[in-house]
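Subject: Structure handover and notes

Hello,

I am passing on the structure below, followed by notes on what was found in it. Please keep it open while you read.

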Amino acid sequence: MVMGLHPKYLSSFWRTQYLLLCMDGPLPHHKRHYIAIMAAARHQCSYLVGLHMGEFLQAGGDPEWLQGLHCAPQKLRNLNEINKILAHRPWLITKEHIEALLKTGENSWSLAELIQALVLLTHYHSLASFVFGCGINPEIDHEGGHAFQPPSPRSCDSSPASEEGVSGSGGRDAMQEVEVLMERMKLLQECQLEEDEVTQEEMETRFELEKTESLLVAPSVDIVEHSLPHNVLCFVEDPGFGYKDFTRRGEQAPPTFRAQDYTWEDHGYSLINRLYPDVGQLLDEKFQVVYNLTYHTMAMHRGVDTSTLRRAIWNYVHCVFGIRYDDYDYGEVNQLLERSLKVYIKTVACYPEKTTRRMYTHFWRHFKHSEKVHVNLLLLEARMQAALLYALRAITRYMT
């Protein structure tokens with residue numbers, strides 16, 4: 001229903017998910033659902049875990065496996081390490097992880113099976129981000145409750161500000177936010193036309209600055225830590241392993257992933273298409289649809305070119321996962337994404353289980369719900385592409 005606010009994206013999403021779960025592929029159907037459960041459990045997403053437990057049984061899966069990861073076959077359990085890293089710190093994936101899964105033996109994976117498993121894992125990690133970002137997740141302590149209600153399609157055109165009753169000075173501030181953002185976008189677009197040359201060194205400095213600054217962007221401390229329900233916890237080994245900023249002070253940071261060295265268009269797409277035909281095509285289409293999706297509106301304005309804003313959101317997600325574009329000026333991120341939006345983006349992309357209703361209502365207070373859902377779709381796809389790039393690069397290194 002919530003994705004349905006953007007029908008063009010929804011049809012692309014359904015085609016991909018249908019291919020992953022229902023069409024011919026190297027993995028049996030029940031195992032695909034089990035992998036979905038493993039992925040969703042990493043982010044404590046009881047909504048998706050519950051959904052796929054049902055699907056797993058319908059596909060003829062052994063109910064015993066649902067007692068926890070320890071009851072699953074060793075081959076599936078071997079995925080645990082890569083599931084954990086992909087969900088929280090994908091930059092740590094190496095060709096050795098790939099090698100360990102493909103090594104000969106009764107529990108080894110074929111390359112085709114592994115590609116399908118990796119796409120499923122990244123798909124469900126990202127979908128968990130969307131679920132939490134839009135408040136679709138049932139509250140843990142409360143049957144049928146929600147962390148916050150997803151907007152009903154009927155209310156997609158009312159702004160959160162009007163629903164929250166932002167009146168008086170709060171309403172004026174929210175209006176002003178929109179005007180300031182519009183002005184900044186216009187200025188950036190004009191500067192791009194003038195093409196003031198920024199040196200490569202300067203571009204790199206701005207990226208490093210943004211990456212370091214993202215350390216300070218964290219959810220507020222008042223977030224309640226839920227204890228995990230057993231039916232989710234039983235699929236998680238090493239629950240303490242989570243996202244960790246890779247540029248921690250005083251630590252050796254992993255090298256930045258330069259997007260130009262391993263791009264989705266030139267490298268990832270062709271590798272995935274070779275090993276898992278059709279899915280590469282559908283993933284590419286889904287990335288394109290969401291990246292280019294626009295209605296030329298922004299809050300109460302029409303006829304707006306939002307391309308710089310969409311690109312800033314996409315590149316900021318990749319930035320918090322350590323990916324840098326040589327041709328992008330990261331100064332734009334600071335110009336266009338105010339702090340409350342950065343907190344929201346980083347939380348939803350990196351530790352979605354910590355998302356709160358307050359974070360959702362506090363960014364872009366005068367924007368429509370459908371526009372905020374649009375942001376969540378950008379986060380979902382940017383996050384999925386970032387994790388896939390790390391995984392596919394490791395496979396390429398293994399193969400060469």
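Tyr243 is buried, and Phe321 is buried as well, where buried means under 20% relative accessible area, exposed means over 50%, and partly exposed lies in between (1.4 Å probe, protein chains only). This is a predicted model, in which local features need pLDDT of at least 70 and side-chain atom pairs count only at pLDDT 80 or more, while totals for chains, interfaces and linings use all residues. Residues are numbered from 1 along each chain as its sequence is written, and side-chain values use heavy atoms, with hydrogens and water left out.

Aromatic pairs

Tyr243 and Tyr351 form an edge-to-face aromatic pair, with 5.7 Å from centre to centre and 75° between the planes. Here rings of Phe, Tyr and Trp (its six-membered ring) pair if their centres lie within 6.5 Å; planes under 30 degrees apart count as stacked, over 60 as edge-to-face and the rest as tilted. Tyr243 sits in the loop between α11 and β1, and Tyr351 in the loop between α16 (339-350) and α17 (357-362), so this pair ties together parts that are 108 residues apart in sequence. Helices (H or I, at least four residues) and strands (E, at least two) are DSSP runs, numbered from the N terminus. Both Tyr243 and Tyr351 are buried.

The structure holds 21 aromatic pairs. In the pair of Tyr243 and Phe321, the ring centres are 6.2 Å apart and the planes stand at 85°, so this pair is edge-to-face. Phe321 lies in the loop between α14 (307-320) and β4 (323-324), while Tyr243 lies in the loop between α11 (230-233) and β1 (257-258), so the pair links parts that are 78 residues apart in sequence. One aromatic cluster is formed by Trp264, Tyr269, Phe287, Tyr291 and Trp314.

Val317 counts as buried at 0% relative accessibility, and His318 counts as buried at 0% relative accessibility. Leaving aside neighbours within four places in sequence, Val317 is in contact (heavy atoms within 4.5 Å) with Ile345, Ala349, Leu379, Ala382 and Arg383. The C-alpha atoms of Val317 and Ala382 are separated by 6.3 Å, although these residues are 65 apart along the chain. Not counting residues up to four places away in sequence, His318 touches Ile323, Tyr325, Ala382, Gln385 and Ala386.

Helix packing

The axes of helix α1 (residues 7-21) and helix α7 (residues 111-133) come within 11 Å and cross at roughly 135°. Axes are lines fitted to C-alpha atoms, for helices over the stretch in contact, and angles run from 0 to 180 degrees between N-to-C directions. α1 and α7 are therefore oblique to each other; angles under 35 degrees count as roughly parallel, over 145 as roughly antiparallel, 65 to 115 as roughly perpendicular and the rest as oblique. The contact is made by Phe13, Gln17, Leu20 and Leu21 of α1, and by Gln116, Val119, Leu120, His123, Tyr124 and Leu127 of α7. By class, the contact of α1 with α7 has seven nonpolar, three polar and no charged residues. In these classes, Ala, Val, Leu, Ile, Met, Phe, Trp, Tyr, Cys and Pro count as nonpolar, Asp, Glu, Lys and Arg as charged, and the others, Gly among them, as polar.

Helix α5 (residues 80-88) and helix α6 (residues 95-102) pack at an angle of about 150°, with their axes 10 Å apart. α5 and α6 are therefore roughly antiparallel to each other. On the α5 side the contact is made by Glu81, Ile82 and Ile85, and on the α6 side by His97, Ile98 and Leu101. The residues of the contact of α5 with α6 divide into four nonpolar, one polar and one charged.

Positive phi values

Asp278 has phi near 75°, a positive value in a residue other than glycine. Asp278 is found in the loop between α12 (264-275) and α13 (279-292). Ala299 is not a glycine either, yet has a positive phi of about 50°. Ala299 is in the loop between β2 (297-298) and β3 (301-302) and is buried, with a relative accessible area of 7%.

The chain overall

The secondary structure of the chain comes to 18 helices and four strands. Of the 400 residues in the chain, 54% are buried. Among contacts in the chain with a separation of 6 or more, 76% are between residues 24 or more positions apart.

Regards
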